[in-house]
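This briefing describes how the parts of one protein structure meet one another. Please keep the sequence and the structure in view while reading.

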Amino acid sequence: MIEWLLVDDKPDEAEQFARALSVKGMFVVTSIRAKDAEDRLGKGELRPSGVLMDVDLSSETGMRSTGPGMAQNIRVAQQRQSAPSFPIVRFSARARVLENIGHDSSSDDVFDLKIEKDGLSEIARQKVVQRQLFGVTEVYHAAGGEFDLLTFVGLDDKHWSLWGHLAFEREMANADRPHLKAGRIIRLLVHPGVLIDEDLLAIRLGIDRHQSKSWSQLLDELAPIRYSGVARDHFPRWWARGLEDWWLDLSPPQPLAGSSIEERHALLTRYHSDLRRLEMPEESPGDRPWRTCLLTLEEREEIIPVDPSKGVRITPRETLPPWMDPFVAVLGRALQSRDDPRLDRADLDRLSRWAKRGSR
Amino acid sequence: MSAKFDPQELADLAASLSRVPETESTAQFLLAEAGRFYHQWKSDRLLRADEIPIPLPRKKALFPANCELEASFLSFRFRPGDQEHLPSQADYQVRVEGWLITSSAVYELQDHWRVDTHIEGIALEDGRGVPHEPHPFFHFQRGGHAQDAFANGATFIPSAGAAINGDWRGLFQCPGPRMPALPMDPILAIDFCIGQGDGKVWGRLRNIPEYFDLIERAQKRLWQPFFKALREPAFQRLWLGTFVI
C-alpha cells in the first residue's frame, strides 16, 4: 500500500482532498497537522511514501513554518540521511502560490511536483493527479536501489546518445542521494525537452488527436520511440529526438520543426488515412507548432499550441538546463499580459508590428 | 519582421546552439562576445570575430588516415553593403586542427578553407596588386594567410628545409580554384560550417524551431533578393566577375 501524507493547516479541507486522492486498497492519503508533521518528518519518525505539502500553513495556531520552509528542512534531513527519501509535492491553491511564492524560484528545487488544489473536485483531474503521484512514488522507489541511468530510462547506450542529453547526464552524475536522483528524473519526465507527452507529440505532428480515429494506430507505430523506463505507465512519454529521427525516416523535404502543419499532415496521411489536421487557435498565429503556451497553462491549465517563430519568449525564473525546452507564450495571450515582466519585450514589439501589418 | 541583419540574432542563435552539447562552446563564445558585437556594429557597422569554436568535422573520410581531430574554428569579417543582399565584406576563414601520431613521429595537422570577398579589378588587400586570375565577388578557396603561416617553417613537410631523406609522395595545393559562393552573414556562415562539418549535429539544430526560424529569416533576407537580382546581367557580372562574357 502506498501511503502519502497531506500536510495542511485546514483539517476539514485537507480531509476532503485526502479522500479525493485516495484509491481504495492501493493508495491512501492521510492528512496531518502541520506542527505534527514538522516535529516528526524531519526526525525520520514518519516514513511515508510521499508528502503533499501546503504552502501557507499560517491558519494553524502556533505554526510559524511555511510549507517550503518545512520541505527544505526535510530535504536537509534527507541529505544527512537522518530521514528516508520520499517525494515532496507542493499542494496549494493557485492564489496562495501567487501570494506566497510569486516569481521567487528559491523553493522550486525542493518540490518534485507542483499540484494545484484548484479543480480537484473534478474526477478527471483527480485521476490525473493520482497518476502523477503513483509515478513519482515509483521513481523514488527505483532511485533508492542500484542506480543506472540507462536502465532507469529504458534506453541502450546508442539511443541515449542519440535521444538523451549530455547535460542531463552531467546533472545525474552530481546526484549523490536518492531524492536528488529521483528529483532529476521527475523533472525529465514532467518538463518537455528530452521527453514530450502525448499532447505535445500530437502538436509536433500537426494532428488533432482527439478528432483522429487513426491516432492510436499512429501511436502504435511510434512505439519504438516511446519512453519505456521507470514509471512509464504513469508518465506516457516519447523521446523528442526519437520523433525527429522517425520523421526523417519518412524522407520529408524538411525536418519536422521546419515543416508546416499541412506538410506534416500530408506526409502522415499517406500512411494513416483518418488523421485530422491540427487547427491553430486564432490567438496563436503561425503554422509550425512546436511548444505550448506557458501563460494559458498556468492560468487555466489550457494547452495551446505555439509556433515559436510567432510566439513570445518567456524568461524563466531561473536558468533552464539546456535539455529543457524554453518557455513561450502564445501571441494573443501575451498581448493581453503585456505587463508580465517575464515576457520578452523585443518579441512583443516585433510581433505586435507584424500582427498590425497582417491585420491591415 | 526585421529585414536587416541585427547582431542580436547572434545571441538568439547562441540560445539554440547552447541546447546541443556539440555546439555549447560556440554558444558560449557568441554570448561572451555579444557586447562587443553590439559595440562594433553600432560604431563601425562591422562584425568581426576571431576563432569561434565550431563543432569538429565528423571523423569520416579524413586525410591522412587515422588522424585525430582536436579543434575547429571560424573567424569572420562582415560588413553590410548598400543593398542588404550584397554585403561589402563577407569573409569567413575556417581552421581545423588535428594530430597524427605514429610509432616514430608526431604530426601536427591543420586544414584551412575560406570564403573571401573580392571585387574584380581591385588590388588584393595584401598589396599583391590586381590578380590575373578571375576572383568572383564571393568565392570559396582553400588556404589563407593562417595556412601560409602554418606551412612556413622547416618542420613543415614536405618542405625544402625539412630534414627528411628518401622517396615520398605528398599532396600539394594550388591557389585555385576560386569557386563562386553565395553571400553569407555570420548566422548563415555558422550554419554552413556546422552543416559541412557534422550533418548529425546540424540535423539536431535544425529541429530546434528557433534555430530553423533564424536560418530561414537570414536566407530570406540575403538569398531571396540575391537570387532575384541574379536575373540582371549586370548583377551576374558583378557576382561572377570576368567569367561572364
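The contact between the two chains takes 17 residues from chain B and 28 residues from chain A. The model is predicted.

**Chain B and chain A: area**

- The size of an interface is often given as the accessible area lost when the parts come together.
- For chain B and chain A, the buried area is about 1,900 Å².
- Carbon and sulfur atoms give 46% of this buried area between chain B and chain A.

- Five salt bridges are found across the interface of chain B and chain A.
- A salt bridge joins Glu24(B) to Arg170(A), where the closest N and O atoms are 3.4 Å apart.
- There are also 12 residue pairs in polar contact across the interface of chain B and chain A, with both residues at pLDDT 80 or more.

**The side of chain B that touches chain A**

- Two or more residues on this side come from each of helix H6 (199-206) and helix H7 (209-229) of chain B.
- H7(B) gives the most to this side, with six residues.
- By class, the side of chain B that touches chain A consists of nine charged, six nonpolar and two polar residues.

**Domains of chain A**

- Chain A is divided into domain 1 (2-143), domain 2 (149-268) and domain 3 (291-358).
- The centres of domain 1 and domain 3 of chain A, taken over C-alpha atoms, are separated by 30 Å.

**Domain 1 and domain 3 of chain A: interface**

- Domain 1 and domain 3 of chain A bury about 700 Å² between them, and 33% of this area is on carbon and sulfur atoms.
- On the side of domain 1 of chain A, the residues that lose the most area to domain 3 are Arg94(A), His103(A) and Ser105(A), which together account for 58% of what that side buries.
- Two salt bridges are found across the interface of domain 1 and domain 3 of chain A.
- Arg317(A) forms a salt bridge with Asp108(A), and their closest N and O atoms are 2.8 Å apart.
- Three residue pairs are in polar contact between domain 1 and domain 3 of chain A, with both residues at pLDDT 80 or more.

Methods:
Residues numbered from 1 in each chain as written. Chains lettered and ligands numbered in written order. Predicted model: local features only at pLDDT ≥ 70, side-chain atom pairs only at ≥ 80, totals over all residues. Heavy atoms only, no water. Domains from an automatic or database assignment. Buried area = accessible area lost by both parts, 1.4 Å probe. Salt bridge = Lys/Arg side-chain N within 4 Å of Asp/Glu carboxyl O. Polar contact = N/O pair within 3.5 Å; in protein donor to acceptor, adjacent residues only side chain to side chain. Contact = heavy atoms within 4.5 Å. Helix = DSSP H or I, 4+ residues; strand = E, 2+ residues; numbered from the N terminus. Nonpolar A, V, L, I, M, F, W, Y, C, P; charged D, E, K, R; others polar.
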